[in-house]
Amino acid sequence: MTTKSSVIAQQGDTVFVDSDDLTSPIVYKARDSIYMDIRNNALLLYGEAEVVSEGTVMKAGFIRIDLENGEIEARYRLDEDSSKVEFPVFELDGDEIHAHKVRYNFDTKKAYIEEVRLEQDENYLYMTRAKRHANDQIHFEKGRFTTCNQEEPHFHFQLSRAVLIPEKRIVSGPMNLWIKGVPTPLGLPFSVIPQMENKAKGLVFPEIVPLSQYGFGLNDIGYYLPINDRLQTTIYASIYSRGSWGLRNETDYASIYKYRGTIDLGFQQFKTGLPENRSINKFMVSWVHQTDRKSSPYWNFASNVQFMSDNNAKNNLDPLNPNYFTNSFNSDINLTRNFPGKPVTMGAKLSLRQNSQTQNISLASPVMNINVSRFFPFKKISTKSSGIIGIVKSIGVTYSFEGQNRALFKDTLLQEGRYDQIGNQFIQGTSQKITVQTTGALFQNVLKITPSVAYGNRMNFQQTRKSYDAVNNTTVTDTLQEVGFLHDLSFNLQLTTALYSYYRYVGKRKPTLRHVLMPSVSFSYVPALNSTISDSIGVDKTLITYSPFERSLYSGTVNSKDQALIIFGFNNSFELKRSVSKDSLNTSKKTRLIDQLSIAGSYDLMKDSMNLSDIRATMRINPINWLNIVVSSTFSPYFWNDSTGKSISDYALKYNQLGRFTSNNIATTITITSKEGRKQINEVLERIPEYWNADYDYYMLHPEQVLNFSIPWKINLSHVYTITANTNKTGFLDSDYNQIQTFMFSGDVSFTKRWKLSTQTNFDLNDFKITNSRFSLNRDMHCWALAFHWTPIGGNKSFLFSIRATSALFQDAKIELRKPPAFL
């Protein structure tokens with residue numbers, strides 16, 4: 001006889017049941033005991049019970065299998081202290097449900113569940129009573145939806161009745177927000193919560209702005225529309241009580257292994273109010289596009305566009321406006337052609353540069369370029385690599401070409417639509433350069449020699465001519481549409497080596513000082529190949545010398561005389577090594593006394609006077625991990641005029657003096673924290689590249705500025721002292737030097753596990769006053785973050801209070817006040 005099902009018991013007897021209700025094997029086990037209720041045709045499992053059957057897994061403290069009706073029931077058990085333990089865990093087709101009680105029918109695929117808890121990514125759904133239907137939908141009542149993983153969540157959305165459609169959405173009736181078990185008046189008459197796997201269209205919660213220069217407003221209330229797996233778009237609207245409004249559309253697109261990008265188009269209208277009552281319109285375009293390297297080895301297309309029609313970042317309805325202090329905006333669209341296996345790349349670019357300070361816009365349309373990376377044409381002439389043959393084989397050639405069509409114009413021309421005048425501002429030109437360089441070694445690789453020759457050619461399609469206006473006694477400048485050439489030629493020779501010195505001192509630890517000196521000297525000869533024009537066309541017909549290409553696209557530097565420069569430099573580092581005895585092991589410890597000490601200058605053989613340049617010196621010291629010192633100085637060997645402060649052509653030695661320091665700068669930074677705090681700072685520095693954003697560069701340089709609740713306290717002290725020679729004196733009574741001293745104090749302290757107070761203050765020691773000060777109070781509320789920022793001193797006085805969710809799902813659910821209410 002065959003049966004349609006069997007019950008297989010582990011750690012016990014096997015019972016075969018001839019039943020038409022069960023159609024697949026059931027495997028079960030229990031820790032304490034298994035009891036067969038023959039009268040009711042049921043199995044009872046006690047203690048860590050588990051039942052497995054065709055994609056269904058049930059675990060609980062107690063499980064009852066009804067063999068007659070094909071049902072399974074699971075619930076928790078009580079331990080010796082009458083505490084509830086071993087709650088049911090129901091796994092069905094990969095989904096895991098935690099509950100207090102579960103009843104499931106194998107035939108109808110329906111389930112009745114009490115006190116259920118579902119977990120998906122960072123979302124948690126609690127249901128008081130729920131029923132699972134055959135179509136996988138779960139109908140439940142008295143639900144709680146949250147992103148807090150605590151057993152009693154810090155906040156949740158209370159759902160009266162709802163339906164869960166797996167991998168799609170949760171649709172509920174009335175919903176309101178509860179915080180710490182207390183209901184709030186915030187809620188909605190109904191809600192649609194999209195699931196993370198399949199994004200659903202729906203409303204985007206706005207940012208409420210209770211007070212701003214535009215009045216009360218709602219910022220970025222939006223509607224999200226996922227079109228397909230490659231395309232999604234969101235439409236935002238902002239409106240304020242004083243009449244200002246804005247629309248914005250953000251569209252994301254992507255194709256796996258091909259490309260991805262984001263287009264953000266916006267329009268804003270500002271109302272100035274009485275008495276002018278004018279309307280100011282503003283268009284904004286942002287476009288970021290990246291091509292996957294796997295899509296094509298030959299072509300690459302990329303864009304990074306940030307355009308504002310009014311050339312002013314301060315005009316924005318966003319109350320936070322992260323670009324408020326930004327004065328320049330760059331836009332580039334690039335197309336690059338690669339040639340695999342060849343050192344050649346070609347490209348074309350559209351470029352736009354906006355500057356709100358100068359109120360200028362620079363447009364390059366297009367920019368064409370060809371680059372040939374270094375190749376070695378004589379690499380295969382011989383198998384030898386020493387002597388003259390090695391120098392010839394090392395000859396490398398590089399080449400670059402660029403052509404542009406560029407215009408520089410005032411932003412008012414664009415705002416007023418005067419495109420004909422913009423077209424008249426375009427100038428054109430090309431530039432190309434070829435460099436031939438080789439490297440060799442002398443005296444058994446002790447001395448490295450690097451000779452090179454470079455030739456450049458600049459072609460401009462516009463030239464300048466100047467004439468004298470006798471009526472107004474001024475100089476008149478005219479632009480001519482004529483082609484002209486500029487030529488650049490230079491010969492260079494560089495010698496470098498490295499010298500190692502060791503100084504051993506007497507002592508128990510046998511200290512040894514290691515000094516590494518890397519001197520370099522180079523010679524550069526630049527002949528004057530371009531002529532200038534000299535004529536008596538100045539005021540009162542004075543003699544003026546000018547270049548006909550001074551207003552051309554590739555004007556560059558026009559040398560009227562040959563140049564022959566001797567450039568010298570010395571780089572030094574000092575390290576102390578001493579032995580450290582640990583038990584029977586002899587180890588050494590190294591300490592960097594001076595990380596870098598460099599001295600550099602040049603001497604021009606062709607100049608009539610002041611041939612020797614100023615001497616520049618830089619020193620960096622980091623003897624201990626909490627102290628960093630950088631010193632830089634410029635020394636002039638020439639004497640100076642006491643009344644004006646300017647240097648003269650005579651050496652200071654002629655007047656029995658060595659010279660003077662024209663500038664000195666000392667920057668000192670001290671970071672004080674606990675040993676554990678310093679370890680956390682180093683870990684932050686390592687983790688920053690994994691979470692790149694707009695603040696990446698700043699925090700890579702200043703990891704100690706990261707606000708970390710794991711660091712109990714931290715203090716940063718910085719002092720910058722700058723002294724420069726006064727070269728604009730108006731008389732003997734003026735000071736010979738200008739001094740600037742700035743002291744910055746920053747730090748934070750966690751006075752509880754969740755509260756942290758931080759501050760940053762800049763103090764001008766010259767005027768003895770605080771130039772800027774900011775205080776911040778932060779509260780880590782596990783699934784919410786509260787912050788209070790106050791800047792009482794400085795040109796950017798502000799107030800910001802914000803509370804936001806830490807979950808990515810609710811990143812737009814935030815309340816932020818940019819300035820205090822009127823009654824404060």
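Glutamate 141 and arginine 161 are joined by a salt bridge whose closest N and O atoms lie 3.5 Å apart, a salt bridge being a side-chain nitrogen of Lys or Arg within 4 Å of a carboxyl oxygen of Asp or Glu. Because glutamate 141 belongs to strand 14 (residues 138–146) and arginine 161 to strand 15 (residues 155–165), the pair ties together parts that are 20 residues apart in sequence; helices (H or I, at least four residues) and strands (E, at least two) are DSSP runs, numbered from the N terminus. Glutamate 141 is buried, with a relative accessible area of 19%, whereas arginine 161 counts as exposed at 59% relative accessibility; buried means under 20% relative accessible area, exposed over 50%, and partly exposed in between, with a 1.4 Å probe and protein chains only. The structure is a predicted model, in which local features need pLDDT of at least 70 and side-chain atom pairs count only at pLDDT 80 or more, while totals for chains, interfaces and linings use all residues. Residues are numbered from 1 along each chain as its sequence is written, and side-chain values use heavy atoms, with hydrogens and water left out.

In the protein as a whole, the secondary structure comprises five helices and 55 strands, and buried residues make up 34% of the 824 residues. Among contacts with a separation of 6 or more, 47% are between residues 24 or more positions apart, contact meaning heavy atoms within 4.5 Å. The protein exposes about 48600 Å², of which carbon and sulfur atoms supply 55%; accessible areas come from the Shrake-Rupley method with a 1.4 Å probe, and for residues only the protein chains shown count as cover.

A search of the whole structure returned 23 salt bridges. One of them connects the side chains of glutamate 86 and arginine 31 at 3.4 Å, N to O. This pair links distant parts of the chain, with glutamate 86 in the loop between strand 8 (84–85) and strand 9 (89–92), and arginine 31 in the loop between strand 2 (26–29) and strand 3 (33–37), 55 residues apart. Both side chains belong to residues that are partly exposed, glutamate 86 at 22% relative accessibility and arginine 31 with a relative accessible area of 38%. A network of salt bridges links Arg31, Asp32, Glu48, Arg77 and Glu86. Aspartate 220 forms a further salt bridge with arginine 248, the closest N and O atoms being 3.1 Å apart; here the distant parts linked are strand 22 (residues 217–226), which holds aspartate 220, and strand 24 (residues 245–255), which holds arginine 248, 28 residues apart. At 23% relative accessibility, aspartate 220 counts as partly exposed.

The search for aromatic pairs gave 17 across the whole structure. Rings of Phe, Tyr and Trp (its six-membered ring) pair if their centres lie within 6.5 Å, planes under 30 degrees apart counting as stacked, over 60 as edge-to-face and the rest as tilted. The rings of tyrosine 46 and phenylalanine 62 have centres 5.1 Å apart and planes at 50 degrees, so this pair is tilted. Since tyrosine 46 lies in strand 4 (residues 42–53) and phenylalanine 62 in strand 5 (residues 56–66), the pair ties together parts that are 16 residues apart in sequence. Tyrosine 46 is partly exposed, with a relative accessible area of 33%, whereas phenylalanine 62 is buried, with a relative accessible area of 10%. The rings of phenylalanine 267 and phenylalanine 283 also form a tilted pair, with centres 5.1 Å apart and planes at 50 degrees. Phenylalanine 267 is in strand 25 (residues 259–271) and phenylalanine 283 in strand 26 (residues 279–291), 16 residues apart, so that distant parts of the chain are linked. At 19% relative accessibility phenylalanine 267 counts as buried, while phenylalanine 283 counts as partly exposed at 48%.

Asparagine 530, in the loop between strand 39 (512–526) and strand 40 (533–536), is buried, with a relative accessible area of 10%, and its side chain reaches the backbone oxygen of histidine 487 at 2.8 Å. Serine 636, in strand 45 (residues 627–636), is buried, with a relative accessible area of 1%; the C-alpha atoms of serine 636 and serine 613, 23 residues apart along the chain, are separated by 7.5 Å.

Terms used: A polar contact is a pair of N or O atoms within 3.5 Å; within protein, one must be able to donate a hydrogen and the other to accept it, and residues adjacent in sequence count only if both atoms are side-chain atoms.
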